[in-house]
Amino acid sequence: MIPAADAIRFGTGRSRLAGTVIVFRDIVSRPVGAIGLFLVVFHLLLAVAASFITPYDVALQNADRILQAPSWAHPMGTDSLGRDVFSRTITGGRISIVITLVSAVIAALWGGLTGVSLGLVGGRIDEWCMRLVDAFLAIPGLLFLLLIVSFTGGGVYALIPTLAFFNGISVIRIGRGAAQGVAVKDYITAARVRGHGSRFIVFQEMMPNLQDILLVEWAMRWSWMMLAFSSLSFLGFGATPPTPDWGLMISDSREFLTVAPWAGVWPAIFLSTLIIGINLFADALGKALRVNPQQGVI
Amino acid sequence: MPSRSVKTAGLPYFRPIRLILAITLLLSLPVSVTHAGLLRLAYDAGFGGAESLDPYSPTRFYFTTLTLFDRLVQQNHEGGIDPGLATSWEVSDDARTWTFNLRPGVRFHSGKPLVAADVVYSIHHALDPERGSPVASTLAVIDRAEALDDLTVRFHLKSAHADLPLLLIDPRCGIIAENSAATIERTGDGTGPYKLLRNDPEGITLLIANPEYWQGPPRVERIEVVAIPDQVAQIQAMLSGQIDYLPSINRRQLKLFENNPDFIVQTIRTGHWPGMVMRTDQPPFDDVRVRKAMRLVIDRPNMIRLALGDGGGEPACDTPVWPGDPYYADMGCHRDIPAARALLEEAGYNDGIDVDLYTSSVEKLFISMAEVYQSQAAEAGIRVHIHQVPADGYWTDTWMQESFVSTRWNQRPADQILNEAFRSGASWNETYWSNPDFDHSLDMARKETDPVKRRSMYAKTQQILFDEGGAIIPFYLNINRVFSARISSLPSEKELFIEWRRVATQ
Amino acid sequence: MLKVLLRRLVMAVFTLVFVAIVVFGVTEALPGDACTAYLGKLAQGERLSRCQSGLGLDKSSAERFFDWSGRALQGDFGDSLKRKRPISDIIAPRFRNTVILGTSAALIGIPLAIILGVIAGVYRERFSDHVVSGIALLAMTIPEFVIATVLIFLFAISLKWFPAVTILPTEASVAEILPNIILPMITLAFVMTAHILRITRASVIDTMSSEFVKMATLKGVPFRRILFRHMLPSALLPTINIVALTMAWLLSGVVVIEKVFNYPGLGTLIIQSIFDRDLPLVQAIALMFAVMYIAVNLIADFLVILLNPRLRTRVSAEGG
């Protein structure tokens, strides 16, 4: 069997598309991958289509319908302000998905590029930069997120650069490690021998190979950021009311758990399934691309 | 794969399972606590451990100081005044000299007997500008206090005031021992029903019954004042039986405790009010007709329903004096859209008027109130544009700056609120209201020693305010509080400040 | 070996200095200063200037940094703006409480994670692995606050077995604290276990496919012997470092868990101080979190060096 990763790696044009198809088949062929992909796609589609499905305005309060149990009119019940939990739950992933997706892409790109360059340059610069990276890892990132959100007043979008920056730091290590691994491979040496400069080598030869690693890294970062963002919202530093957001909804409904569990259970299920989905997907993607994701490593 | 062969090899794999089971069992031993004769009250540690036991401190430990100290006089449930550490008092004819006779035989927790010098010291301590006490402005009318003998105190006032005892019922006016300023914030040495056992404002503060209390010993032996800053954590502590009392829950949280035999809910009417205030010195609100129209458009009961929920408040007619106050003037007010339109036309606004309302989420209620007002005012052609500004900085940059803003005041006696918020030049005169008639009748009311006449004068001040003032006060807030069913003798629903010594537990 | 240890120590100090610069720099870069941020509606006139001169805000940034870090080294962070008390007095009991919570969770979580991780690794792709890995995945992906809320609902409010929120005197002893923090401890241990378990599992699988294990298996060495003598030491060694690295992640979990359970640790304190806009306190706590992270990593480094067979033999050779 041709490993999917090799197919995508050496493909160009039509055959690269074929490679993608092979990777896709590989992911779907694993039950874990199929479930993961399904969950991710489901949530993405829902986030896009939510405004067409919502039966009620997500911010519409109704004093007569406070904390009502699920019914035909409100399939997931109502929350403490009489808002429709169904409408809010299906819209509740939007803000977090947009912010974390964008941040994860930026993080994987800047971290990956920096890491690869360091891996290639090597020597003193590399050594010192890696010390800096180690030092950065000691900074409690969550606290900085809190600080920036609460003191700059930039709102929830101020999180993007911060999330991307701190996560990118962790990607540097992985990008660098991967570059060092690839740097000794024959085709790089061949390119060097042919007289190509190192920048050319990075972009022409290595990036396509590293993109697998970064792709998996991106997926892992995304799931981590979803968790981080929901924690921030939960603590009151993320999305601002009345924006529907799962973390915030869980936080708001916590006190009413004994009388109206539905107001918190649904957002919790949606949030958890998305993060589980991303994790399973990242796992399967790693296996399909033969990349070992650095789970749990900052 | 070679590693597959490994799998069949036996591993002692029940062992960790047994370990896990053992740990689980160990962890699931229920925690049992007994608490007879103990009351556990939650508070929010709002000053984060800087809580001071000095009742006059700006960061006073509110809950605790209420039970550690006594006042000269106390408020009864009818809004009247009962003796406290003072048994009786007289006022001079010009209402500028007050003499209080102290209760003999009262002792501080430290054992020191209460004498007039302690009262003199307390009042001067409160008025000392260095302390920055929040009651200083309330008591500002007092020039000095003087001890005539061991049990007689005389207050000399700067200007006449016929209701000095009404100022002294402020729960912050506790009597402390002479020369105790340096230590009081840690010792909490008062004459009150409970004595301090341990001061731990960020943890559990312990209070123990004072058996020698002059009104008889308290019925519960110990009180724990528990710091729980987080609102939700307070609710959960209450639901799981870790505390016995929550001072304030919102309408929605009522659902958690109503119809639950473990809890008793009380709804208390208060004089706390939120409002929207117009600057009477700036257009378009410098025109009294516009101000009047702005107030005529409100459907007050409907606003309560929408902004607070049913029973969340009592309608108000733009007077800051609440119905529980003996000087409350019931003026009656109704929504009148045609009259509002007519007034606006008269003022030259034939096509309606655009106004900018500045508000913020400093108080959750502000936004919903503003939105309800917006939709009600629209019917009279008043187009309210709501500007929501950041919560931080609201009280500096917006309140008392913009011409139409949200505000909020806590319950205060009539004389206090009228003077602090509406007298010309008062530092918190948020409507920039300056009306000589109003100021004059306030002065006259203070001087008047005949209670019936005084009442009519306070009513007159409120009428002037109602006719011409710039404050929209649509309702007074109700407060819901929860007790655990363990508490057998509940305080009256008229007590905003609970007398804990009367409360008993099962 | 001493040289390696020393180098690690120097690195830790360097990291600490760097973190101090960043913590100071970021709070410096925020709009306004500590006084305007804190005073809010009262930031004007005499009150503002008194606060500013009290904090020495009239001096230059560099001067204040050296001032601040110099005093911080002696454990003096100045006074909290809101609490009007020395910051070190405020932090000390909170720091202790967070360490108690973290350590007790680690004492349950780490052994559990290693045992389960080894089981899952050895029985890879079989029933017990699927169960263990599945639960670990759930524990990793379901946010801490959801787990905590469910535990409170079940064990505190419904069954009333454990307290829902932590109510403790500030000076509580460890013996007083432990029975009160069972739910937060379980929550933290649960999340911690999941992370470490996955790392252990991966490491065990790695080692099992390595040459020497294959050789030993072929030679007919009993499995139990291979497992305990050869596989576990080489599988667990890299785990130690990675466990230490995940601590940074867990620190953010501590903030959430402390908040949910009203636990009087550094996590609740930093949230409060951010709400209070008490910047000197925020700076001090951020630094304390970094110190914890650096300390855990340093300990892990030392452990690895001490346990590493290669370095160990060198030590004994040097010694003998």
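The model is predicted. Chain C has 14 helices and zero strands, and 41 of its residues are in contact with 34 residues of chain A. The largest nonpolar core holds 257 residues, and a second, separate core holds 57.

**Chain C as a whole**
- From the N terminus on, the elements of chain C run α-α-α-α-α-α-α-α-α-α-α-α-α-α.
- Taken along the principal axes, the C-alpha atoms of chain C fill a box of roughly 85 × 60 × 35 Å.
- Chain C has 320 residues, of which 48% are buried.
- Of the contacts in chain C between residues at least 6 apart in sequence, 71% join residues at least 24 apart.

**Where chain C touches chain A**
- The contact involves 41 residues of chain C and 34 residues of chain A.
- Several helices of chain C each supply at least two residues to the side that touches chain A, among them α1 (2-29), α6 (127-141), α7 (144-158) and α9 (182-208).
- Also in this group are α11 (223-261), α12 (266-276) and α13 (279-307) of chain C.
- With ten residues, α11(C) gives the most to this side of chain C.
- By residue type, the side of chain C that touches chain A divides into 33 nonpolar, six polar and two charged residues.

**Nonpolar cores**
- In the largest nonpolar core, the residues that touch the most other members are A:Ala219, A:Leu285, B:Leu41, C:Ile285 and C:Phe289.
- Helix α10 (residues 198-235) of chain A provides the largest share of this core, with 18 residues.
- The second, separate core of 57 residues includes B:Ile298, B:Ile304, B:Tyr358 and B:Tyr458.
- Leaving out residues up to four places away in sequence, C:Phe289 touches A:Pro140 and A:Leu143 in chain A, and C:Leu251 and C:Leu266 in chain C.

**Helix α11 of chain B**
- Helix α11 of chain B spans residues 337-346, and its buried residues are B:Ala340, B:Arg341, B:Leu343 and B:Leu344.
- Seen down the axis of α11(B), these buried residues fall within an arc of 160°, so they line one face of the helix.
- The cover over the buried residues of α11(B) includes α9 (288-296) and β15 (353-360) of chain B.
- After α11(B) comes B:Gly348, which has a positive phi, near 100°.

Key. Residues numbered from 1 in each chain as written. Chains lettered and ligands numbered in written order. Predicted model: local features only at pLDDT ≥ 70, side-chain atom pairs only at ≥ 80, totals over all residues. Buried ≥ 20, exposed ≤ 12 C-beta atoms within 10 Å, placed from the backbone. Helix = DSSP H or I, 4+ residues; strand = E, 2+ residues; numbered from the N terminus. Arc of directions from axis to C-beta. Contact = placed C-beta atoms within 7 Å. Core = buried A, V, L, I, M, F, W, Y, C linked by C-beta atoms within 7 Å. Nonpolar A, V, L, I, M, F, W, Y, C, P; charged D, E, K, R; others polar.
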